[in-house]
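Dear colleague,

Please find below the structure that I am handing over to you. A summary of the findings follows it.

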Amino acid sequence: MAQNRKLSTPLSLDDTASKLGEQTKAQDLSANTAGPGARLTDNMGHAVSDDQNSLRAGVRGPTLMEDFLFREKLHHFDHERIPERVVHARGAGAHGYFQLDKSLSAYTTAKVLTEVGVQTPVFARFSTVAGSRGSADTARDVRGFAVRFYTQEGNWDIVGNNIPVFFIQDAIKFPDLIHSVKPEPHNEIPQAASAHDTFYDFISLTPESMHMLMWVHSDRAIPRSFAMMEGFGVHTFRLVNAQGHAHLVKFHWKPLLGVHSLVWDEAQKIAGKDPDFHRRTMWESIEAGQPFEWELGVQVFTEAQAEGWDFDVLDATKIVPEDLVPVQRVGRMVLNRNPDNYFAETEQVAFMTTNIVPGVEFSDDPLLQGRNFSYLDTQLSRLGSPNWPELPTNRPIARVANNQRDGHMRQTVNRGRVSYEPNTLGGNQPAEVPQARGGYVSYPERLSGTKVRARA
């Protein structure tokens with residue numbers, strides 16, 4: 001067994017329930033973690049005697065097609081890259097845990113928000129929006145702030161930003177927004193910058209973007225450190241309690257170090273001297289035993305309250321002012337472990353707004369509704385297979401059992417003759433889970449209206 005390997009079977013395939021704790025996901029990842037090894041081999045385990053020279057027909061002759069070691073090595077190298085994210089391509093991540101200090105059982109059944117003192121493993125990724133993977137960390141831009149909770153009820157992702165609002169109200173405009181802010185197509189200039197004609201042409205014709213634009217032009221757009229910026233879920237979500245009653249909620253991450261920023265001159269100089277400034281600071285701080293920490297805050301309110309306000313909580317270009325609804329701080333996130341491999345963990349991680357757990361629901365925010373479609377669609381494009389949830393960084397620690405089979409690069413070897421539900425030949429397993437035993441049931445929101453293309 002390889003060094004550092006604590007588990008031979010991923011927790012998602014293990015029927016033995018494990019106690020949730022800070023190290024749970026680290027142990028799960030260990031099933032796929034290996035040291036360098038002592039003997040050099042190819043991918044099929046054949047020992048390699050010479051990795052310096054290809055097989056040739058004579059010392060100065062052509063390379064032979066039968067050199068399977070050369071062909072495999074080049075074949076893998078030629079396919080090492082996957083498509084970078086369309087947005088949020090430039091990012092860095094870290095592992096840690098979330099610990100709840102104040103139960104929200106009055107509002108939700110989600111165990112991660114009701115079981116005080118439990119340490120839930122998390123992985124957080126911070127990113128810039130507009131630039132490519134090779135751009136600088138200190139560009140004036142929105143920062144992504146995405147957090148995955150590996151909960152006992154499945155993965156829960158808060159896929160947010162360091163700014164509480166967004167440029168647009170409806171997801172149908174997202175392609176237009178990003179096309180305008182990306183480098184101009186005729187010359188691929190400028191990189192990681194919104195100060196150019198196409199962006200301001202679009203913004204000038206989109207009045208709803210003004211609120212976000214003021215945030216982007218503030219010092220919030222150039223944080224001094226990932227640990228010194230706030231995070232926001234941006235959208236309004238819904239919490240549902242054990243009695244079936246619903247409340248609306250906004251999620252906040254409050255940095256323990258406070259909010260601090262770079263000034264423009266500093267940001268430009270740092271970009272020239274160390275374009276990896278933010279990711280390097282996080283990596284070196286965690287390696288030195290200085291974790292990055294935030295408190296989780298929530299704004300909880302009723303639909304009746306929201307109906308009395310003069311703005312729409314389903315509009316992502318608006319905030320809920322804290323003097324209307326104070327932020328309750330209910331828990332703490334600590335990032336204290338760097339990834340072992342950037343590509344396997346940080347690049348392949350696939351966050352989704354649809355990763356929610358029982359007791360957490362979507363609202364009818366049209367930008368959120370569009371993201372719910374787009375994220376799943378994106379993962380297939382980037383990761384190349386419907387089996388991307390099997391990747392170690394994406395798989396949950398909760399037991400996975402369903403009748404999904406086959407597909408490109410399937411890893412799980414499912415036993416048995418049955419792959420449908422209901423069935424008798426397999427004892428009707430896996431079986432549906434009633435709501436009383438934790439099965440996900442959507443909130444019975446009452447809906448009415450005429451089909452229409454219009455703004456609320």
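**Nonpolar core and aromatic rings**

Beyond its neighbours within four places in sequence, F126 is in contact (heavy atoms within 4.5 Å) with R90, G91, A92, G144, F145, F226, M229, M282, W294 and L335. Please note that this is a predicted model, in which local features need pLDDT of at least 70 and side-chain atom pairs count only at pLDDT 80 or more, while totals for chains, interfaces and linings use all residues. Residues are numbered from 1 along each chain as its sequence is written, and side-chain values use heavy atoms, with hydrogens and water left out.

F126 is also among the residues with the most contacts inside the largest nonpolar core, together with F149, W156, W253 and L335. This core has 38 residues (a nonpolar core is a set of buried Ala, Val, Leu, Ile, Met, Phe, Trp, Tyr and Cys residues joined through side-chain atoms within 4.5 Å; buried means under 20% relative accessible area with a 1.4 Å probe, protein chains only). Strand β8 (residues 292-301) gives the most to this core, namely five residues (strands are DSSP runs of E, at least two residues, numbered from the N terminus).

The whole structure holds 18 aromatic pairs (rings of Phe, Tyr and Trp, the last by its six-membered ring, with centres within 6.5 Å; planes under 30 degrees apart count as stacked, over 60 as edge-to-face and the rest as tilted). F149 and W253 are stacked, at 6.1 Å centre to centre and 20 degrees between the planes. F149 belongs to strand β3 (residues 143-151) and W253 to strand β7 (residues 246-255), so the pair ties together parts 104 residues apart in sequence.

Yours sincerely

Technical notes. Buried < 20%, exposed > 50% of the residue type's maximum accessible area, 1.4 Å probe, protein only. Helix = DSSP H or I, 4+ residues; strand = E, 2+ residues; numbered from the N terminus.
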